[in-house]
Amino acid sequence: MIVPLPQLLAVSAGLFAIGLFGALTRKNAIGILMSIELILNSANLNLVAFNRIWGEPSGLGQVMALFVIGTAAGGAVVGLALILTIFRHRQTISADEIKLLKG
Amino acid sequence: MFAMSPGNPSIGPLDLAARAAFYGVACATLIGAAITVTARNLFRAALGLALALFGVAVLYLFLEAEFLAVSQLLIYVGAILTLIIFGVMLTAQIASPTQPRFNRQAGISLALALAVGLGLGWIFLTSGWPSPSPKEPPPAPVPLSALGRSLISIYLLPFELLSILLLGTLVGAIVIARKEKDPE
Amino acid sequence: MSGDLAGILPEIVVAGGGLLLLVLPRVRAPRLLGLITLAFLAAAFDLKLLAWSARPFPQSLFYGLLKEDGFSLFFQLLILVSIGFVTLSIMGYGRQEVKARRELYALLLLTTVGLMLVVGAQHLALVYVGLETISLFSYLLTGFLKRESLSAEGALKYFLFGSLASGVLLYGISLLYGLTGTMDLPGLADRLTPVMAQAHWAASISLLFLLVGLSFKVALVPFHMWAPDAYEGAPTPVAAFLSLGPKLAGFALLVRVFLVGISPQLGLWPDLLVLLSILTMTVGNLAALAQTNVKRLLAYSSIAQAGTMAIGLAVATPMGLTATLYYLLAYLLMNVGAFVGVIAVGNAGGREDLGAFSGLSRKEPLLAAMIAVSFLSLAGIPPMAGFFAKLWIFGAALKANAVGLAVVAAVNSVVALFYYMKVVKAMYLDPPTAGAPAIPRSRSLGLALGLCTVGLFAVGLWPGIWLTLSANALPFPLPAGRFP
Amino acid sequence: MAFLARHLLSLIVFLPLAAGLAILFIPKERDRWIQAAANGATLLVLILTGWLALHFQPQAPGFQWEEAVPWIGPIHAWYHLGLDGISLPLVFLTALLSFLAAVASTTIPERRKEFFFLYLLLESGMLGTFLALDLFLFYIFWEVVLVPMYFLIGIWGGPRREYAAIKFFLYTLAGSVFMLLSILTCYLRSPAHSFSIPELIGKGLQLGPAAQWWVFLGFFLAFAIKVPIFPFHTWLPDAHVEAPAPISVLLAGVLLKMGGYGFLRISFPLLPHVAIGFSLIMGILGLINIVYGALVAMAQSDFKKLVAYSSVSHMGFVLLGLSALNLTGFNGAALEMFNHGMITGGMFLLVGILYDRTHTRELDAFGGLGAKIPVYGGLLSFFALASLGLPGLSGFVSEFLALLGCFPTHPAITIASASGLVVGAAYFLLMLQRILLGPLKPQWSGLPDAGRREIFTLVPLMIFILWIGLYPRCILALQTPALTNLLFRLGGNIGW
Amino acid sequence: MCLVVTVVGWLIMLYSIGYMGGDPRFSRFFAYLSLFFFAMLTLVLAGDLLLLYIGWEGVGLCSYLLISFWFEKPAAANAGKKAFLTTRVGDLGLLAGILLIAKRAGDLSLTNLAAKGAALGGWAPAAALLIFWGAAGKSAQFPLHVWLPDAMEGPTPVSALIHAATMVAAGVYLVARTLPLFLPNPNALLAVATIGGITSFFAATIACTQTDLKRILAYSTISQLGFMMMGLGAGSAFAGIFHLVTHAWFKALLFLGAGSVIHAVHHQDVTRMGGLWRSMPVTALTFTVAAIAMAGIPPLSGFWSKEEILRRLAGSGPPFLILGLSIAFLTAFYITRAVVLTFAGKPHVIPANAHPHESPLVMTIPLILLMLGAIGIGFIGTEFAGHRFQHFLGIETGAAHQEHGPAWIQLAAIGVAVGGIALAILRYGLGRQLAPARVRGSLSWAYRIVSNKYYIDELYDRLIIRPVLALARSAFSFDAGVIDGAVNETGNAGLALSRVKGWIDQRIVDGAVNAAAAAVGRTGAALRLIQTGLVQNYLLIAAAGTLTLFAVLRWLS
């Protein structure tokens, strides 16, 4: 199977941009979390694609992508724990209402 | 022939079909991503994310990274996304039709994201990407066994650290998220 | 392999301590938890000292993923010391629900493992995983004051900001990997030179993303905005930790990646760092001027301090780097002193604003004096260590002909004086608030403050020793006769 | 004993600090002990400096009682102290004023333990500044002075003390930060590669002309703020007015001199070419200081502010003398520093005495006190006359020398500056008139005259003022050789 | 000079014991007085300009202290201040002159002044004029004379000693001392003479109109000092110094006499006196003798010295001579007027409850001694005493000796003196007491005008008295209004200016700093606003920052 690299990279760039947009605009904290997952995936896509090019025997790109998936899981756990906590305190997880700390 | 050399002569019909499939999957992925960030309903956004993640997994398949594709499905779609959906349901904010979808900085964010996306795309498409050795045949995909070996040899340290990370986050998340019963 | 394991024995000890604390049966006395933590930290510290004396350097461990050299040892020792101080301050913290949790100490120790590994990392995979470990644990620690919604808010903002930043960092790593085929820092350095010519902008973007990710850790402007909120929301000892641990790691990585991995001649990183450091100092100091919450003030202060430290990297000379290392040492001591002061004052009535410091010198003259020493050192008043740190930085900038940078730093240090003196003023010049509760005695806080005070004078009055120490810890051999 | 003799300067510098630390351990209730310890320590320092002054050999080249110990190895910074003719009068002045002001500090009402600790720390810093021969050490002492001063103004000062204290601190720190940059540049750009002032002077700097100007300006800013030179002087009225009387004495008597001393010790010898080029600007600034300070002083209705602004005016003569670039001018400048310390120190003591009794400094609130408290009136008149440059008293000698020295260099400026003498006389006489002359206001009918302790603090100053006024050689002889050396370096007129 | 200071001073001190008796600050008075002697002798004996300057300022200080001795009186306090300040303005010139000499000639000793003058070269006139400027301040020369009348607020012995006999003469002394500097420069001499003349004439006219006894004397002092300056300006140190010496005696006497009167009647208004010779004969006698001496009637001292100056002036040209003569005339006129008004006639307007009596011995003995001096001192400079004084001074004896002016000058001098006295007696002594018809009858030499007596009155009044009075009045009003006003206004303007500067200091200089501080503070506050608390704002800023960094990177490369 032949996949042209630039196009793949373009997809990853698209994912990155969409993720960035979501992170900047979603009102819901979980929405922001999901957008960030998109960014992580775009990076992962890069890693795997480059791994395919370089064909390293150790499979660095793929290993790295696995690490990313692992840390993403950890991140999601932490994020949701924090979101749940704040929801318990404030009954909201809307990012533009969480603004007691400022200045 | 993998890689991007522009004037590659040997493009067979199979390649063409594969290419069409690739574009389809790529589009699906991006559409899923778009749904993720635009859907008013948070549950639908989660489904969009699932679509995007799934699309990425298929792209991994295109790249002959089968283990990763499986991991993506198992961990990402299976675990992380489930967790997120749980979160959505727990916080009971699935949809709030009265509220605008985006916050007030949507316009400028859109411009910024467009700039980033187009800029990155332009750079990727115009950069001369290096390849280890253009004349040799493309390297074989990394076998699963090699992956496993390198995980417990070369990359043992980050791997172990990752386990510490996961353990720590789980414990910490439980401590934080758990409702406090006894003031320990 | 056994040699590798022996090499990371201190890290293993710390990790073991963390795991032990997790599985420990429920302990009622928080002091015991603290003492256990301290014991493990001390053991690791001792082992690191042993490693320091048992040269030769550098040692490459785990297939070159980890490098044990003077630089990493310097940072690891600083990290162990600062975590020790943080532990002491947790032990003296008034909030029982925080300090009685063994998970807190466990997380702290596990974070320490991440920090120690990251500063020795020679591979971007380890860098990424290590940074994620630090970050995720930091978010959790920030949110540890679970009864306070502000704590969760700060943690959430920190988390969201940090996740995006690490996404960007990761994206940069992936691009770098694509361009060079490796994540090994020495290999990266070798292969990047042709790549910079071939795919200049892609390489630039990747390095920029890397810089952004690390700047977030160090809280350089404009990637600093999480810091004040996180510091204010976090339990104060954790805020102290945030101002030390991630910053230390961030600086170590900035050096490893940008000064050693990617030579300053490649690209314009020094220029960007100059810009960032000027911005950081200025914005940090100006924003700190308007603060009344001392914790928040310290957050901005530590942003500004990081900006000053970044000058040493921006000039990209041995002298500059030495200055930064010395600065980190001084910064550790004075920042801990300042935060411990906030903890001590906060323990009395739960307030952490300037008003809570009013008239402290009359109620607690010794405590006030020690806090004042820390703040004056932060302001750069001789003969405390902070002054010398600033001095080396100025000197490095002048030596590198970056006169403008030096002048900006100098002006900033004057601005900074104003808000540091606000705290001193409250303690010494303002009358005590009537009916303010007495400050509970805490031996661990006293010990921490005392150590900081003594340390500030020791590092200040005999700066030669510490300067030599910093110079010996440079990650590259010192050019003969060029220092300073 | 031999050890002490070899480390006499260190002893002088650190004796107050040691005493200050010791005071911290005296119980708060033993107030007499605290006062006695402070008096004793400052007196001992005064005796030691007096011994130095008596055994000083003016003609001997270089520095005397020099001490040099390596301090910060990697950067070749030394702990290096030494005394020469330029620093000796100022060291003595510091010791004397510190002692007298300590005696006068009995009026400090509260937190006396802290007060004397900071006070003695301040004295150590001031002495160290004048004795340090290593730029690095100099800077440290220079800064060490700031902190206790901040607290001394901020805690024990008048109603606007906080503002005054932070203003003082910020101003001076702003100046000294730039001096630090200049010091570093000197260090980096000298083949001597050291902070030692004599060595830097000996080997010179490798800097282009423009860079030399910048370095000079860095020093200048720090010294100008300390002196203070218009328009950097606005911290001074606030600080002086708000500070408690003994501290005002040190502020005006000693701290201002640090700036002038810096010019003589550092800027001029280190950057002779710039110093020569700067002469005109210096002269103009001196003129502005003299005239402007005097005019503003005249407009004051606050006793202390008037004296504070008079300091601005008087320090203008120092600048004038410095701009002369000849021996007479330098002698005048150096002597003016010494004299101004004595005179203004006395003035501030007098202000303090009156304020302690009346709790007001409004000149218009007084009147006719000359009849009620004649001793005080006499003392005040004496210092006022010394301050307005009455011949026969010390102020005249130095002002005259400064004018005389400046005249060949900048005749027009000198003549214009001399008009400051008239205005100076005007505001001092106005002040005397408003306080001492005219009918006595009824509310002061119970005012007690100056007490024995107060007189005791003033008489030594009067002796010196008279002595120098009549026989200025006693100081001039000390400083002339050192100043001659400096002029050799500058290529100035040594004969004049 | 030294002798003048000590002898006259001793007498005045003696007098003061009586005059100041009972004052609460008796001892301080004498302390000040002694200090004054110290300073004055320093001034006089100084062999060096710098030392002279020290004494110069010292006497200024004492003058200040003594004028405002009764400082409870605001007028006295003001007067002291005014005196010190005005002389300080003069001192400025002296200081500048000293600086100039020091720079150009190298040293400041008062020997070899001619050589110094040569060394000064083109600067010599400037130096001379600067010194004269200083002298003008001290000696109350136009336009710096305004302080002296006010200085009369001090105790009378002080006025006698400092503001008549000694200190004010210091300026004359200084010019005389440094005359070698002036001599080669005709313009400098001319300036001295002109200023002296203007001052003298001007003050004399004013003196004619004053009613305050001490003020009359004060203006007369100014006038006489100006006269001395004229003598100096004519190039003769001797003439100036000679008149200085004689003037010291008779003017001190006049002042002490006036003091005695004031002591007795407790006010100073001559129009409210009269007939006092009855109650205080010694005072009246001594005062009158002094007045005659001053008017220049031979053989009293004033005549000799005045004649000497006039003779000198003849050498300077007719205008100066005429001026000198008219001054002499006016002098005679006003001093006689004072005598007549004070002592002659009936005691008509004295307050009923006041009983004037002769002063105690300790006051009258000095009066008598001074009177003897005033009579006799003039001889030391005359041919009769063999020009002893000239020899004593050791300056330009030969020239002074040989160059005899024409005899008519002597006659003219006597003439104007007598004329002045006569006129004054006519106008004040007799004109008041007698009916107009009797005036006509008693004055046979004016027979031709008898029929036109009204015309004569008119003439006297219109042509001499009125214009003189008018001139005097206008001069006084000029003095009081314009010059004094100018000084006061300068003071006020200075004050206003200094207020403006104070404002500048607070608003502009400090303001700039404060504004900078405020700007910094506001920026800080603005930065707080950026920190909205919304995490997505933070993210946006970070993202925008990254883009900016990239842009910078592009721009840099």
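Residues are numbered from 1 along each chain as its sequence is written, while chains are lettered from A and ligands numbered from 1 in the order in which they are written. For the complex, the predictor gives an ipTM of 0.87 and a pTM of 0.85.

**Where chain A meets chain B**
- Chain A puts 67 residues into this contact and chain B puts in 79 (two residues are in contact if their C-beta atoms, placed from the backbone, lie within 7 Å).
- On the chain A side, helix 1 (5-25), helix 2 (29-54) and helix 3 (60-90) each give two or more residues (helices are DSSP runs of H or I, at least four residues, numbered from the N terminus).
- Helix 3 of chain A has the largest share of that side, at 21 residues.
- By class, the side of chain A that touches chain B has 45 nonpolar, 17 polar and five charged residues (Ala, Val, Leu, Ile, Met, Phe, Trp, Tyr, Cys and Pro count as nonpolar, Asp, Glu, Lys and Arg as charged, and the others, Gly among them, as polar).

**Where chain E meets chain C**
- Here 22 residues of chain E are in contact with 23 of chain C.
- Helix 23 (453-530) and helix 24 (535-556) of chain E each give two or more residues to the chain E side, and helix 24 gives the most, with twelve.
- That side of chain E divides into 13 nonpolar, eight polar and one charged residue.

**Two domains in chain C**
- Chain C is assigned domain 1 (1-159 + 226-259) and domain 2 (268-484), with bounds from an automatic or database domain assignment.
- The C-alpha centres of these two domains of chain C lie 21 Å apart.
- In chain C, 32 residues of domain 1 are in contact with 36 of domain 2.
- Helix 12 (236-261) of chain C is one of the suppliers on the domain 1 side, and gives the most, with 14 residues.

**Confidence in chain E**
- The average pLDDT of chain E is 71, and 71% of the residues score at least 70 (pLDDT is the predictor's confidence in each residue, from 0 to 100).
- Confidence in chain E is lowest in helix 20 (residues 397-402), at a mean of 42, and highest in helix 24, at 88.
- Residues 443-461 of chain E stay under 50 in pLDDT.
- Where pLDDT is low, the predicted coordinates should not be read in detail.

Terms used
This is a predicted model: local features need pLDDT of at least 70, side-chain atom pairs count only at pLDDT 80 or more; totals for chains, interfaces and linings use all residues.
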